[in-house]
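Come along while I look things up.

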Amino acid sequence: MPALFEPLTLREVTVPNRVWMAPMCQYSAEPEGPLAGVPHDWHFAHYAARAAGGTGLILTEATAIAPEGRISPYDLGLWNDTQVEAFRRITRFLTEQGTVPGVQLGHAGRKASTDRTWKGGGPVGPEAHGWQPLAPSALPFGEHHPVPTELTVDQIQEIIGQFAAAARRALAAGFETVEIHGAHGYLVNEFLSPHTNRRTDAYGGSYENRTRFALEIVDAVREVWPAEKPVLFRISATDWLDEGGWTADDTVRFARDLHAHGVDLLDVSTGGNANGVSIPTGPGYQVPFAARVKAETPLRAGAVGLITEAGQAEKILANGEADVVLLGRELLRNPSWARQAARELGAEIRVPIQYHRSV
């Protein structure tokens, strides 16, 4: 059996293979009104196609814990029961296909209130459904971004509660795992990195203080999330800064802390927190960061970043560099990538009975 198609059990949830879908924003929900943040037919078709294509676990796009936590006005959310009911349709279908449904819960912080990527992705104001962003410190992301409002300690505690409330709703919606979004320059990542966290209170300064917010979120989610179901965490392993940023060494240290607080797998990405940095991209360019987590900590690791070929993915797992691979754009190009990879590697994979002619 190729490593890519071996099941993986996290707590009491078994994922049928190691081909996972990374969260990717669709920017397709209604921006305001009773249907704001509610998944609809596009989201159902998008996730259903990848489940029918054999993907082992699907993580939804970054799903906001509160309206002001959205990256764009068009993002999904889990701050009300209307959203819960709409998500149930998606999770039910994914489960029927043998795919484990997961949700990524996040808050965009200073990078909130931006337009859809195909419209440039720049900041938007109230005239375009936008709002005032929040952050650990009053530092804008870039030249044309607004100065965010620095969070008070009371507001920090409120956001921690919002993560827990969203996790409760995720359970009610039928999700089998939750991933806390701590990457790509969004709020949790902003607290972790000294590049974006200039606070002088209990949530800033030392490593212990900068990681406090993230660990309190993990604890709050773990408290309401069933003990038999896994919690994941997505991290940017480096800011790609020469100095003054979050580093790979920090990630290894933090992975040990996350494991002690009940996280089951670290989804290892990079970048997004510092504007204008040079990132040396290429096939599998982020895999070494996952490999360090897997080799140096007790936490399981997921590898991401320009993983496109079946042989490439198999080699990552067979070499012990990660426990799973998460595909993004390649699954946009080919919803049935897992089935194709299984054929290439000589593995068996579940195929919908309606597609039996294709076996």
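I am working with a predicted model. UniProt, in an unreviewed entry, lists residues 4-345 as "domain: NADH:flavin oxidoreductase/NADH oxidase N-terminal". I looked up that stretch and found 34% helix and 15% strand. Its end C-alpha atoms are 9 Å apart.

**The core.** Which residues touch the most other members of the largest nonpolar core? They are Phe213, Phe233 and Phe254, in a core of 84 residues. Another core, of 14 residues, lies apart from it, and I noted Leu8, Leu10, Val13 and Val15 among its members. I then picked Phe233 and, leaving out residues up to four places away in sequence, found contacts including Ile180, Val218, Phe254, Leu265 and Asp267.

**Two helices.** Next I followed helix H3 (residues 153-172) to where its axis comes within 8 Å of the axis of helix H6 (residues 212-224). The two cross at roughly 35°, and the crossing is right-handed. On the H3 side I saw Ile156, Ile160 and Phe163 among the contact residues, and on the H6 side Phe213, Ile217 and Val221 among them. By class, the contact has 11 nonpolar, 1 polar and 2 charged residues.

Is Ala274 buried or exposed? It counts as buried because its relative accessibility is 8%, under the 20% limit. I found Ala274 in the loop between strand E11 (265-269) and helix H8 (287-296). Leaving out residues up to four places away in sequence, Ala274 touches Phe141, His195, Asp239 and Leu241. I also checked Phe289, which is 15 residues from Ala274 in sequence and 18 Å from it in space, C-alpha to C-alpha.

Note on methods: Residues are numbered from 1 along each chain as its sequence is written. This is a predicted model: local features need pLDDT of at least 70, side-chain atom pairs count only at pLDDT 80 or more; totals for chains, interfaces and linings use all residues. Side-chain values use heavy atoms; hydrogens and water are left out. A nonpolar core is a set of buried Ala, Val, Leu, Ile, Met, Phe, Trp, Tyr and Cys residues joined through side-chain atoms within 4.5 Å. Buried means under 20% relative accessible area, exposed over 50%, partly exposed in between (1.4 Å probe, protein chains only). Contact means heavy atoms within 4.5 Å. Helices (H or I, at least four residues) and strands (E, at least two) are DSSP runs, numbered from the N terminus. UniProt positions are given in the numbering used here, feature names are shortened, and annotations may be inferred rather than shown by experiment. Axes are lines fitted to C-alpha atoms, for helices over the stretch in contact, and angles run from 0 to 180 degrees between N-to-C directions. A crossing is left-handed if the near helix is turned anticlockwise from the far one by less than a right angle, and right-handed if clockwise. Ala, Val, Leu, Ile, Met, Phe, Trp, Tyr, Cys and Pro count as nonpolar, Asp, Glu, Lys and Arg as charged, and the others, Gly among them, as polar.
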